[in-house]
Amino acid sequence: SGTLKIRLRPECRIARCKSEDVTEVTKSTYPDTQLLIGGRWRDGGAGRVIPVINPATEERIGEVAHAEESDLADAVREAEAGFHIWRGTPAVERSRVLRRAAELIRERSEDIARLMTLEQGKPLYDSRGEVIGSADIVDWMADEAKRIYGRVVPARTSSTYQLVLKEPVGVVAGFTPWNFPVSQVARKVGTALAAGCSIILKAAEETPAAPAAMVQAFLDAGLPKGVLNLVYGRPDQISERLISDPVVRKITFTGSTQVGKHLAGLAGQHMKRATMELGGHAPALLFEDANVETAAAALVGWKFRNAGQICVSPTRFLVHERIHDDFVQAFVSKSRALRIGDGMDEGTQMGPLANPRRVTAMEEMVADAARKGARLETGGKRIANKGYFYEPTVLTGVPREARAMNEEPFGPLALISSFSSFDEAIAEANRLPYGLASFAFTGSTLTATNAASAIEAGMLSINGFGIGLPEVPFGGVKDSGYGSEGGTEAIDAYLATKFVSQTAA
Ligand code: NAD
């Protein structure tokens with residue numbers, strides 16, 4: 001099973017292919033995905049597989065190998081061996097490997113994007129953007145690898161040097177979700193490798209092939225075997241097995257707050273470093289002097305991107321009472337104009353939801369809000385009888401007790417309400433335990449400055465969408481987690497500080 005027939009490029013072997021002579025990923029071709037352990041693609045020990053479903057058609061398009069305990073034990077052993085090789089590799093060489101990986105990801109972007117759309121549903125246009133953006137993340141981390149500086153602290157005697165050294169923390173266990181199957185791999189793998197760590201990645205079982213294609217790009221770039229391993233299986237078994245293993249020194253997880261708290265608990269129990277990028281319920285504040293048309297156009301784009309399945313998606317739209325009605329009208333008419341369809345069809349602006357759980361969640365949240373007095377401005381229904389499609393949906397006058405106002409919808413649902421004062425808007429923005437992204441629209445520098453100081457969030461974007469670039473911090477506060485996955489802050493989480501006092505003998 002180590003022989004994988006590929007179709008991305010002849011030398012790029014991500015998984016077994018259905019047909020040997022397929023040279024490009026088309027609507028009807030999708031590979032099965034295996035585990036990567038110690039530089040070799042292989043099936044799980046018991047030969048078990050998990051089906052992969054195309055959310056636009058509900059068809060079974062492939063399968064992914066299911067790791068057993070013995071596979072995880074192998075992955076830990078290989079990652080430990082990989083760590084010893086990689087930590088001894090000079091930073092400049094680590095940087096070169098990452099740079100080559102970024103180039104390969106760009107070269108293969110069309111194929112990787114197609115895999116992602118087939119398994120996840122997002123429009124091809126967005127998938128392409130995600131893959132290219134991921135290459136940029138890996139490039140940024142290639143540079144960071146060369147900037148891991150320690151420092152020299154002035155000593156109390158002239159014969160002593162006091163050195164602060166930064167060392168890779170060790171083997172990392174990374175858990176990535178299905179909503180950004182590729183960029184999350186770039187962030188976690190790119191940063192771990194830049195720091196000199198090895199990593200066992202567990203990507204989402206529902207979207208396995210695009211992450212595997214990303215992993216292949218790192219291998220083809222010359223990464224030594226064992227430094228990067230990829231497993232799939234039962235998420236709770238894998239996380240408990242890896243977090244409790246003494247070889248694993250750091251955890252990084254992106255997903256729901258509920259699962260994040262569980263994994264943070266395990267990490268605490270076993271004294272492991274952890275980065276937690278969890279759920280959000282982003283407020284978007286539109287002050288009285290905001291440009292309604294510009295804000296509505298921008299916010300419709302951000303709200304329904306990836307069908308709303310984004311942790312930084314704007315969710316609670318808090319609009320000053322004087323512009324509320326105009327904003328609702330503009331937002332609703334632009335929402336209705338969106339083209340919904342199979343992400344593989346050029347021109348589609350919003351694809352299906354990634355899985356049936358999200359459709360059920362939308363139906364339940366909208367019914368609950370309506371029962372409690374919310375007004376349905378548009379949407380509110382499934383579309384078509386095949387595929388997990390749900391209409392872009394706008395609710396106004398949603399009472400605070402409604403589920404949607406408290407739980408992360410993670411779907412195409414916009415909740416618009418009005419406020420009359422700055423303090424009222426801030427109080428609502430900060431009401432929830434979440435604190436990930438936030439947005440504000442205003443023509444006033446004073447209002448912008450006051451909002452920046454008052455909002456409890458890890459990220460605030462004013463009059464634009466400036467979140468998520470490789471060079472800026474990405475992370476939350478409160479129940480949205482801790483740590484940063486971007487900017488110069490990101491690599492710190494993968495480094496341990498060692499102090500050396502060296503006196504001349
Ligand atoms: P979920 O909470 O069970 O899973 C979320 C992710 O965590 C999946 O990728 C899953 O494979 C993984 N996971 C689940 N249990 C795990 C465990 N014990 N150990 C390791 N990994 C585990 O449910 P779901 O239906 O996939 O998603 C539900 C909610 O999760 C969404 O509504 C959203 O709020 C949140 N979510 C957030 C992000 C994000 O980007 N922050 C991404 C995906 C999901």
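Q: How many helices and strands does the protein have?
A: The protein has 14 helices and 22 strands, where helices (H or I, at least four residues) and strands (E, at least two) are DSSP runs numbered from the N terminus. This is a predicted model, in which local features need pLDDT of at least 70, side-chain atom pairs count only at pLDDT 80 or more, and totals for chains, interfaces and linings use all residues. Residues are numbered from 1 along each chain as its sequence is written.

Q: Ok, what order do the strands of the seven-stranded open sheet have?
A: The order is E14-E17-E18-E13-E12-E19-E20, with mixed pairing; two strands pair if DSSP finds at least two bridges between them.

Q: And which strands stand at the edges?
A: Those are E14 (375-378) and E20, and each has a single partner strand, so one side of each is left without a neighbour in the sheet. On average, neighbouring strands of this sheet are turned by 25° against each other, direction ignored, with axes being lines fitted to C-alpha atoms, for helices over the stretch in contact, and angles running from 0 to 180 degrees between N-to-C directions.

Q: In what sense do E19 and E20 pair?
A: Strand E19 (residues 437-441) and strand E20 (residues 459-462) pair in the parallel sense, over four bridges, and alanine 437 stands opposite methionine 459 in E20. From E19 the chain crosses through helix H13 (residues 445-454) to E20, in a right-handed β-α-β crossover, meaning that, with the strands pointing away from the viewer, the path from the first strand over the helix to the second runs clockwise.

Q: Which strands does H11 lie across?
A: Helix H11 (residues 356-371) lies across E14, E17 and E18, and runs at about 30° to E18. Helix H12 (residues 422-429) also packs on the sheet, touching E12 (282-286), E13 (314-320), E18 and E19, where two residues are in contact if their C-beta atoms, placed from the backbone, lie within 7 Å.

Q: Switching to the ligand, which residues come nearest?
A: Of the 22 residues around the ligand, Pro177, Pro235, Ser239, Gly255 and Ser256 come nearest; a residue is near a molecule or strand if its C-beta atom, placed from the backbone, lies within 6 Å of it.

Q: Which helix gives the most to that shell?
A: H8 does, with four residues, while H7 (235-244) and H8 (257-269) each supply at least two.

Q: Last one, what does the C-alpha trace span?
A: Along its principal axes the trace spans about 75 × 70 × 40 Å.
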